[in-house]
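Please look through the model below before reading the points.

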Amino acid sequence: MPHKHNPSTGTCEVVPANGELPCAQPGYREHPRLCNAHRKEYGRLTAAYKATSEEAEILYAAVRALERTIKALHAIDDVDDALEIGQKCLDAIEREIRERQDHHRRFFVEREYLRWSLSFTYRGCYITVHNGHEQWIDSLRKKRVVVEKIISQLRLRHDELLLHGSSWELEQGIYADDWSRENSVEAVSAYPRTRSLNMAKSL
C-alpha cells in the first residue's frame with residue numbers, strides 16, 4: 001500500500017520562475033513546503049550544487065598545494081598544468097555560487113530559511129540569525145579571491161619563463177623569493193606529488 005503524505009496547511013511554496021504560474025498543489029513538510037513534483041526538483045537541484053561543491057573543494061585543495069611550489073616550477077608545461085587546475089577550480093567555484101543562488105531563489109526568496117545561534121556574554125544572552133546559503137556563498141567568494149591571486153602568480157611565472165627560458169634561473173642561481181637552493185629543490189621534489197592529483201586534473 002503506497003505511503004500517503006499528510007499535507008501541511010497551505011499550497012506548495014515554490015517560487016514561480018519567469019512566466020510560470022504559482023503552484024496550486026498542496027504542499028508537504030516545511031522549510032520549504034512543497035508539492036511532490038517540486039520536492040523532487042528541490043532534491044535534484046540540491047544534489048547538483050552539492051556535487052559541484054565537492055568538486056570545488058578537491059580543486060581548491062590542489063590549487064593551495066600548488067601555491068607553495070610556484071617559484072619551483074622551471075618548465076612552462078608544468079606552469080600550464082597548474083594554470084589549468086587553477087582555472088578549473090575558479091570555474092567550479094563560480095558554478096557552485098550560481099547553483100546555490102538559483103536554488104535559494106527557487107525555494108526561499110520570499111521566506112529566508114534562517115539558522116540561529118545562541119551566545120552568552122557578561123552583558124546578557126544574544127541570538128544571532130544566519131542565512132546558511134549566504135554564509136557559504138560568502139566563503140566561496142573569499143576562496144575565489146584566493147584562487148584568482150594564485151592564477152595571477154602562475155601567469156607571472158609563465159611570463160618569467162618565456163622571457164628567460166625554462167632553465168635560466170637554475171643556470172644563474174637566481175631564486176625569486178630568496179629561497180635557498182635546498183628549499184627550492186625540496187619544492188621541486190614535492191611538486192610531482194601535487195601534480196599527481198589525478199582527481200583534480202580529471203575534473
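Predicted model: local features only at pLDDT ≥ 70, side-chain atom pairs only at ≥ 80, totals over all residues.

1. Numbering runs from 1 along each chain as its sequence is written, and side-chain values use heavy atoms, with hydrogens and water left out.

2. The protein has 6 helices and 2 strands, in the order α-α-β-β-α-α-α-α along the sequence. These elements are DSSP runs numbered from the N terminus (helices: H or I, at least four residues; strands: E, at least two). Of the contacts with a separation of 6 or more, 64% are between residues 24 or more positions apart; contact means heavy atoms within 4.5 Å.

3. Of the 203 residues, 36% are buried (buried is under 20% relative accessible area, exposed over 50%, partly exposed in between; 1.4 Å probe, protein chains only).

4. The largest nonpolar core holds 25 residues, and Val63, Val79, Ile85, Cys89, Ile93, Val147 and Leu154 touch the most other members. A nonpolar core here is a set of buried Ala, Val, Leu, Ile, Met, Phe, Trp, Tyr and Cys residues joined through side-chain atoms within 4.5 Å. At least two core residues come from each of helix 1 (36–67), helix 2 (76–107) and helix 3 (132–164); helix 2 gives the most, with 10. Apart from this core lies another, of 8 residues, including Cys12, Leu34, Cys35 and Phe107.

5. Beyond its neighbours within four places in sequence, Val147 contacts Tyr60, Val63, Gly86, Cys89, Leu90 and Ile93.

6. There are 2 aromatic pairs (Phe, Tyr and Trp rings, the latter by its six-membered ring, with centres within 6.5 Å; planes under 30 degrees apart are stacked, over 60 edge-to-face, the rest tilted). Tyr42 and Phe107 are edge-to-face, at 5.0 Å centre to centre and 70 degrees between the planes. This pair joins helix 1 to helix 2, 65 residues apart. Tyr42 counts as buried because its relative accessibility is 19%; for Phe107 the value is 0%.

7. Tyr42 and Phe108 are also edge-to-face, at 6.4 Å and 80 degrees. Phe108 lies in the loop between helix 2 and strand 1 (114–121), so its pair with Tyr42 of helix 1 ties together parts 66 residues apart in sequence.

8. Arg39 lies over the face of Tyr42, 5.6 Å from the ring centre. The charged end of Lys143 sits over the ring of Tyr60, at 5.0 Å from its centre. The criterion is NZ of Lys or CZ of Arg within 6 Å of the ring centre and within 35 degrees of the ring normal.
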